Every structure is written in C-alpha cells, then in structure tokens.
Amino acid sequence: MACSQGEAFVTLATNDSYAVGALVLAQSLRIAGTTHDLVVMITPGVSQGMREHLGQVYTMVHPVDVMDSKDEAHLAMMTRPELGVTLTKLHVWTLVQYSKCVFMDADTLVLANIDDLFEREQLSAAVDIGWPDCFNSGVFVMQPSLATFHDLVAHAIEKGSFDGGDQGLLNTFFGDWGTADIKKHLPFIYNMTASSTYTYLPAYKQFGKGVKVVHFLGSRKPWHYRFNAQSKNVEHSDGAYAGELLQQWWNVFACHVQPKLDPWVAPVESG
Ligand code: UDP
Ligand code: MN
C-alpha cells in the first residue's frame with residue numbers, strides 16, 4: 001500500500017466551464033473511493049463563486065497566475081502568448097509538497113478506482129489515438145520537481161510545442177516515452193477517448209466494461225450538450241455508446257454537482 005499522504009490527483013480550470021468539468025471529475029474520483037488529496041489549479045478566469053464550489057470538494061484550490069509566476073514562465077508568455085494554457089498545466093510540477101501526482105484533464109470522468117496509478121513512475125501515460133507513438137496528455141503520472149518545471153519552461157521557450165499545446169511539448173520533452181519503458185505505457189482503459197466507441201466499436205464492446213477513465217477529448221465537451229432536467233437525459237446525436245458515456249457524465253453532474261450549485265447554473269457556455 002502506498003502512503004496516501006504525499007500523493008494527489010490534480011486538474012486545471014482556467015474558466016467556469018472547465019471548472020464545472022473539474023467538479024464532475026472530483027465527484028467521480030470520490031465516488032470511485034479515492035482517499036487521495038484532490039488539487040485544482042485555477043487562474044483568474046475562474047469566478048469567486050465557482051472557487052467556493054471547488055473548495056467544497058477539492059482538498060486545495062491552487063491559484064496559478066502565469067503572468068505573476070516564475071520569471072521564465074513570464075518571459076515565455078510575453079514572447080509566446082499561445083503557450084498560456086500549456087504553461088499553466090506545467091505548474092503541476094511546482095506542487096512539490098506531493099511526491100507524486102496524477103494529472104487529469106478537467107474533461108475526464110472516472111468510472112472506477114485508479115489509485116494504483118500512484119505505483120507508476122514519471123512519465124506514465126496512455127497512447128494518443130491520433131498518433132499512437134505519442135502519449136495523450138489528458139491523464140499522466142508525474143513527480144513534482146522545481147528543476148523539472150524550469151527545464152520544461154526552458155524547453156517551451158526554446159523549442160515551442162509542435163501542436164501549440166501541452167501534449168506536443170511534453171511529448172518532445174519526454175521524447176523516449178514511445179520506446180524506453182513499456183511500464184510507462186498506461187493501459188488505454190485509464191484514458192479512453194470517448195470517440196473510440198465509434199472508431200473501433202468491436203474493441204469497445206470487448207473491453208469497454210473495464211474502462212476506468214473516459215476522456216471527452218475534442219472541441220465538444222459534455223457541458224456543451226443540453227440536458228433535459230425532466231427526463232434526466234442528455235440530448236445528443238452521437239452514437240449510442242458515446243451517448244452512454246455522456247449520460248454518465250451528466251448523471252454525476254445532476255446527482256452530485258448541480259444540487260450544490262444554487263441557484264441552478266446551466267454549465268453550458270460557448271467555447
Ligand atoms: N483547459 C482549461 N481552459 C481552457 C482549455 C483547457 O482549463 O480554456 C485545461 C482543462 O483542464 C482541459 C485541459 O486544459 O481539460 C486540456 O484541454 P482540453 O481538454 O480542452 O483539450 P483536449 O483534451 O480536447 O485536447
Ligand atoms: Mn482533454
């Protein structure tokens with residue numbers, strides 16, 4: 001049994017829409033029985049009211065302001081403003097009060113306990129379905145370290161990111177991920193892209209029951225869909241299996257998040 005003290009699940013929200021995702025993620029982690037700390041990194045774009053909601057379920061609501069943070073990060077922002085959200089995610093490396101963290105995108109949903117991820121080492125992640133020699137940076141196991149943070153920021157300034165986001169940057173920084181150590185390849189069930197249900201339906205039918213984390217990757221997030229408050233169903237024109245996953249996200253929202261948001265807050269917001 002790993003000691004739970006020094007380990008945390010960490011996510012990021014830069015606005016109230018992603019904060020709703022973070023609320024659902026945290027509830028799903030607790031429903032799955034984790035006793036680890038939950039940390040949400042936020043930027044000034046998250047409203048005061050939403051910070052209070054986050055504070056009720058997260059162990060720590062941790063403000064990160066890229067412009068006011070480390071000098072290198074500030075410099076990178078000035079010369080490469082497109083790296084803003086990317087560099088914000090990198091702040092997970094500054095959480096040195098923890099010996100290990102699992103970073104999870106705010107658009108992920110946990111369906112089963114994943115505490116065993118803390119037995120893995122930096123940098124462990126699952127493949128990206130768009131380019132499987134790269135890992136997807138929506139779920140990864142890492143070890144906080146200020147030295148690594150500075151190296152990552154320097155890398156961002158010098159080399160940039162081939163996709164403009166954190167995933168391109170992290171895949172060049174941890175460039176041997178694809179070949180060095182198979183133990184750092186997380187099974188796909190720890191970061192299953194929701195669209196896999198229609199891109200490879202037979203595999204989903206075979207392995208889908210084992211899925212532990214769903215990732216709603218792409219521009220359309222669960223909170224962009226309409227939810228029928230009477231029928232408790234999400235309205236969608238996606239495939240049946242993808243729709244079921246969306247429904248599971250909305251079930252957590254409706255049962256565990258919405259009742260605490262008073263008055264009713266529709267999470268739908270453009271962008
Ligand atoms: N994020 C955020 N605000 C943004 C964009 C992204 O807080 O405007 C955070 C959030 O945690 C999100 C993660 O960065 O889950 C990665 O972005 P996203 O999930 O939208 O990318 P995708 O997984 O679709 O490639
Ligand atoms: Mn994502």
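The crossing of helices H1 and H2 is left-handed in this predicted model. Helix H1 covers residues 16-31, and helix H2 covers residues 48-57. Their axes come within 10 Å and cross at roughly 15°. Angles under 35 degrees count as roughly parallel, so H1 and H2 are roughly parallel to each other. On the H1 side, the contact is made by Asp16, Ala19, Ala22, Leu23, Ala26 and Gln27. On the H2 side, Met50, His53, Leu54 and Val57 take part. By class, the residues of this contact divide into 7 nonpolar, 2 polar and 1 charged.

Helix H1 also packs with helix H10, residues 240-257. Two packed helices are described by the angle between their axes and the distance between the axes. For H1 and H10, the axes come within 9 Å. The crossing angle is roughly 85°. Angles of 65 to 115 degrees count as roughly perpendicular, and H1 is therefore roughly perpendicular to H10. Helix H1 contributes Leu23, Val24, Gln27 and Ser28 to this contact. They meet Trp249, Val252, Phe253, His256 and Val257 of H10. The residues of the contact divide into 6 nonpolar and 3 polar, with no charged residue.

The surroundings of ligand 1 were examined next. A total of 14 residues surround ligand 1. The closest are Leu12, Thr14, Tyr18, Asp105 and Ala106. Strand E1, residues 7-13, supplies at least two residues of the shell. Helix H4, residues 84-90, also supplies at least two. The largest share comes from E1, with 3 residues. By class, the shell has 6 nonpolar, 5 polar and 3 charged residues.

The chain as a whole was then considered. It has 271 residues, and buried residues make up 45% of them. There are 10 helices and 11 strands in the chain. Contacts between residues at least 6 apart in sequence were also sorted by separation. Of these contacts, 67% join residues at least 24 apart. The pairing of H1 with H10 brings together residues from 16-31 and residues from 240-257.

How values were computed:
Residues are numbered from 1 along each chain as its sequence is written. Chains are lettered from A and ligands numbered from 1 in the order in which they are written. This is a predicted model: local features need pLDDT of at least 70, side-chain atom pairs count only at pLDDT 80 or more; totals for chains, interfaces and linings use all residues. Axes are lines fitted to C-alpha atoms, for helices over the stretch in contact, and angles run from 0 to 180 degrees between N-to-C directions. Helices (H or I, at least four residues) and strands (E, at least two) are DSSP runs, numbered from the N terminus. Angles under 35 degrees count as roughly parallel, over 145 as roughly antiparallel, 65 to 115 as roughly perpendicular and the rest as oblique. A crossing is left-handed if the near helix is turned anticlockwise from the far one by less than a right angle, and right-handed if clockwise. Two residues are in contact if their C-beta atoms, placed from the backbone, lie within 7 Å. Ala, Val, Leu, Ile, Met, Phe, Trp, Tyr, Cys and Pro count as nonpolar, Asp, Glu, Lys and Arg as charged, and the others, Gly among them, as polar. A residue is near a molecule or strand if its C-beta atom, placed from the backbone, lies within 6 Å of it. A residue is buried if 20 or more other C-beta atoms lie within 10 Å of its own, exposed if 12 or fewer, and partly exposed in between; C-beta atoms are placed from the backbone.
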